[in-house]
Amino acid sequence: MNAKTTRIVTYVPIIGFILALTIGERADEETKFNINQSITLSVLMFACGLCGIIFGIIPILGLIMRIIFGLIGFGAFVLAIIAAVFAGIDQRFEIPVVSMFVFIK
């Protein structure tokens, strides 16, 4: 798999984790950057889904919290798609808060 395909595929949630574990240390800097962003976005989407389920138990506040966490998770999903498109055209797309987290150096 070439570097461009690897950068695009990293934004698929579970496959991104597998790529991070298998080629994370020997990847080039741009691929490491995309892997780090995809891991952060995947964790954000998972956390929003989990919080939506947990807070969904509360009658009225739960509905509001589910909507809020659902919108945040959907926003993270849209950002992952945008970042994958930018990775496909070989441009760096830094998501402001997400790009600060580094899992693979």
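Helix 3 (29-55) and helix 4 (59-88) each contribute at least two residues to the nonpolar patch I want to start with. Helices here are DSSP runs of H or I with at least four residues, strands are runs of E with at least two, and both are numbered from the N terminus.

Before going on, the source. This is a predicted model, so local features need pLDDT of at least 70 and side-chain atom pairs count only at pLDDT 80 or more, while totals for chains, interfaces and linings use all residues. Residues are numbered from 1 along each chain as its sequence is written, and side-chain values use heavy atoms, with hydrogens and water left out.

Back to the patch. Its members are Leu44, Phe46, Leu50, Ile54, Phe55, Ile58, Ile60, Leu61, Ile64, Ile68 and Ile72, and together they have about 1000 Å² of accessible area on the surface. A patch takes residues with over 30% relative accessible area and no salt bridge; nonpolar side chains (Val, Leu, Ile, Met, Phe, Trp, Tyr) are joined within 5 Å, and like charges within 9 Å. Areas come from the Shrake-Rupley method with a 1.4 Å probe, and for residues only the protein chains shown count as cover.

One member to look at is Ile68, which sits in helix 4. Ile68 counts as partly exposed because its relative accessibility is 40%. The classes are buried under 20% relative accessible area, exposed over 50%, and partly exposed in between, with a 1.4 Å probe and protein chains only.

Now the chain as a whole. The protein chain has four helices and zero strands, in the order α-α-α-α along the sequence. Its C-alpha trace spans about 50 × 25 × 20 Å along the principal axes. Of its 105 residues, 35% count as buried. The accessible surface comes to about 6600 Å², and 76% of that belongs to carbon and sulfur atoms. Among contacts (heavy atoms within 4.5 Å) between residues at least 6 apart in sequence, 66% join residues at least 24 apart.

Next, salt bridges. How many does a search of the whole structure find? The search finds three, a salt bridge being a side-chain nitrogen of Lys or Arg within 4 Å of a carboxyl oxygen of Asp or Glu.

Arg7 pairs with Asp28, with the closest N and O atoms 2.7 Å apart. That pair links distant parts of the chain: Arg7 is in helix 1 (residues 3-9) and Asp28 is in the loop between helix 2 (13-23) and helix 3, 21 residues apart. Is Arg7 buried or exposed? Arg7 counts as buried, because its relative accessibility is 11%. Asp28 is partly exposed, at a relative accessible area of 36%.

Arg7 also meets Asp90 in a salt bridge, at 3.5 Å from N to O. Asp90 lies in the segment after helix 4, and the two residues are 83 residues apart.

The remaining bridge joins Arg92 and Glu30, with the closest N and O atoms 3.7 Å apart. Arg92 is in the segment after helix 4 and Glu30 is in helix 3, so this pair ties together parts 62 residues apart in sequence. Arg92 is partly exposed at 44% relative accessibility, and Glu30 is partly exposed with a relative accessible area of 24%. Through shared partners, salt bridges join Arg7, Asp28 and Asp90 into one network.
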